[in-house]
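Dear colleague,

I am handing over the structure below, together with some notes on what was found in it. Please read the notes with the coordinates open beside you.

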Amino acid sequence: MNLLRKRHYLKSIAFTFFFTLLSCEKEDDSFNGYSIQTNAKEEDLLGSWSIALVENEGIKAEVPATTESCGLDFFIYNENNIYEEYLFQNSETCIPVQSSLNWTLKEGIITMKDSENQESETLKINSLTKDKFVFSVNIDVFDDSKTELFTFTAYKYTPPMEKDIYASSFNRRNDEPFSERLEFEWDIYKGFNTFEKYEIYRSGADCTIENAELIQTITDINTVTFIDENPPVSDSFCYFFKIYTDKGLLGTSNARYVNLEFLTPKNVAFTNAVATDKSVTVNWEKYTGYYFSHYEIKVKEKNSTLHLETVKIIEDINTTSFTDLAPPYLNNPAYTIYVHNIFGNVSTYNWEKNKIDTDFTRPEIFDFKKITFLSVDYEEQSIFFYGQNFENKSRLIKYNYVTKQITAEGFKLPTYQTNVEMKLITSDYGKELIFYQAGNFWVYNASNLTYKYSLNFDSEDYMSVNSFGYLGDNKWIFSDYDNVFTFTRQENVLKKIDQKAHFSDHQGSMLYDVTILSKNDILLSHNNEGRSIHYNINSLGELTNKGIVEIPLLANLNSDISVDYNHSLLLNKKRNTLYNSLDFTLLKNYTNPVVTHNLNRAGTKILGTNNESNVSIYNDNFKKEIVIYDLETNSIATKTTKGYPLMIFEDTMGNLVSLSSGYPQNSYRSPYSTAYFFMEIVE
């Protein structure tokens, strides 16, 4: 190919020559008379030459530059017997078309040989000095198999200064798959001088070449990429490029700024997961990218986009296995693995690669996706749940949280939705679970959840009950939108004793709340009122309005307010306030815990959490712990839990008990996502 290019070069000069014949005259000192200079010396031939004249049959013409801006075409005979030719065809870049051949000189004959196909071409030296070179070649100008003898005169030539077209080509490769590393590329040097080196520099965000550090010197002309494999930790870098020839510095690039925020590690893929009844082991491929900091393994519910928590940070790049000895309280959890780089960036989520499902299950997780009501039997260490299971069917159960067994299930289920809380009440009729249903109450035997009967009002007036409670001595208290009532019970019939009006403004939202302070005193409140009404109930069950109490009770359901009868304490969980239930004085306002659950049995500690009230996809502030506020010492303690606490209490045996979830939740009544409820005794 190079030999063909050589022929084409001389042929093009000859062809141009024929079109200039009309302007040329025959010279007397024709070059055709020259004989071969058999004693031509190699040392005279070495160096750069450019053809100035061409002659045929006594007519000669000058050879002009192909492009005025780039200078003359030229060729070089090197000491290593390599012939190089440089033909300028692009006036903008002045990058010459290059070719090379092997050459030998013997008795005035130069033999050009292409090393690829072993073809050869001969040139006859007519005259050779250190500055002038005259040679003859037979050329078939018109491709008609007829050759003519052409004589060329060349003179020693110093090529012009090169144009720097290389520094501007220096750029970062940031398309896939190069986005995870600092890789740069540039155009290979194609100039006519002798290449010496490429240099790569790095500076900080100031982007000055004066403060830049030389980080790589490349002497191989064919190496036109560079990866910065060991950069320091920073927010950004600037890179510079320099190129040198034997003539010195050819060019320097402008700064190439890199914002490291977008340098994202590539994913690693899980290979398998093995689950036992107590653990999960996951394995993955080793990270093969750049700038590794650590692996992060997270866990989540199988079909959720919400990550639950980080279970492991691994800083050894060669570690490709992890066994979770305390899997989360989820069924079939999915594990995800992320790669962090030294710049603080994290690989993206790809469910086909860095997520793997498992068949691990927790038998203690309830078949409830939503709990509408619950009620605790502190003596029997049991809790009653009513809600919807994962098949969206209602369910009513009794659960022993010590043995972790369902001890009873109700099969006659409520048919009407209600906001009136389900309550466990012990009266002369035994221990019963009471459930409000459209104007009457369904009564269940608390021991086995068999349905007993419907407890009905004998009043002629329809009552839309908002709240209720048992006062003792067979007296019951109820409220609706306008009044407070007392009733007595005869088997399945409630007989009215008395009624009194409460707030004059008619409030909606079913948020009227009866708080029983003792068998003779109650408070009636509503969220919108910002105050309460105190009622006294005498031994006959008659009501007396004792006036307004400036206690702004706030409740969504009755369980949001609790009373410690033994210690005369009134706790408003929604407002984080504690009152004396006898004289209504404010005892304590507090901010820690953030969310209040209950008082302990001794009335000396407030149990709660510091988990925020609203869950979103970002729940890093949620913790698996209970916060305990000691009212006597004014100190805070915490206890670690297995799940995220949703309802905390202390039973009569001194057990600290939590209804927990596998995922952070706003509430057990309205889970943000699949909750995975379970009961735990906190040690």
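Which strands each supply at least two residues of the lining of the second largest pocket? In this predicted model, they are β4 (82-88), β5 (96-106) and β16 (248-252). About 510 Å³ of space lies in that pocket, and of the 26 residues that line it, Ile76, Phe192, Asn193, Thr194 and Asp246 are the closest to its centre. Sorted by class, the lining consists of nine nonpolar, twelve polar and five charged residues.

Turning to Leu46, this residue sits in the loop between α2 (42-45) and β1 (47-56), and it is partly exposed, with a relative accessible area of 21%. Apart from neighbours within four places in sequence, Leu46 is in contact with Tyr77, Asn78, Glu79, Trp103 and Lys156.

As for the rings, a search of the whole structure finds 57 aromatic pairs. One of them joins Trp284 and Tyr295 edge-to-face, at 5.5 Å centre to centre and with 65° between the planes; Trp284 belongs to strand β19 (residues 280-284) and Tyr295 to strand β20 (residues 292-300), and both residues are buried. Tyr481 and Tyr512 have ring centres 6.2 Å apart and planes at 85°, so this pair is edge-to-face, and it links parts of the chain 31 residues apart. Here Tyr481 is partly exposed, with a relative accessible area of 23%, whereas Tyr512, at 1%, counts as buried.

Finally, Arg202 lies over the face of Phe237, at 5.6 Å from the ring centre, and Arg362 lies over the face of Tyr329, at 4.0 Å from the ring centre.

Note on methods. Residues numbered from 1 in each chain as written. Predicted model: local features only at pLDDT ≥ 70, side-chain atom pairs only at ≥ 80, totals over all residues. Heavy atoms only, no water. 1 Å grid on protein atoms, 1.4 Å probe; cavity = no way out; pocket = protein on both sides within 12 Å on 5 of 7 lines; lining within 4 Å. Points joined across faces, edges and corners; volume = space filled by probe spheres on them. Helix = DSSP H or I, 4+ residues; strand = E, 2+ residues; numbered from the N terminus. Nonpolar A, V, L, I, M, F, W, Y, C, P; charged D, E, K, R; others polar. Buried < 20%, exposed > 50% of the residue type's maximum accessible area, 1.4 Å probe, protein only. Contact = heavy atoms within 4.5 Å. Phe/Tyr/Trp six-rings, centres within 6.5 Å; stacked < 30°, edge-to-face > 60°. Lys NZ or Arg CZ within 6 Å of the ring centre and 35° of its normal.
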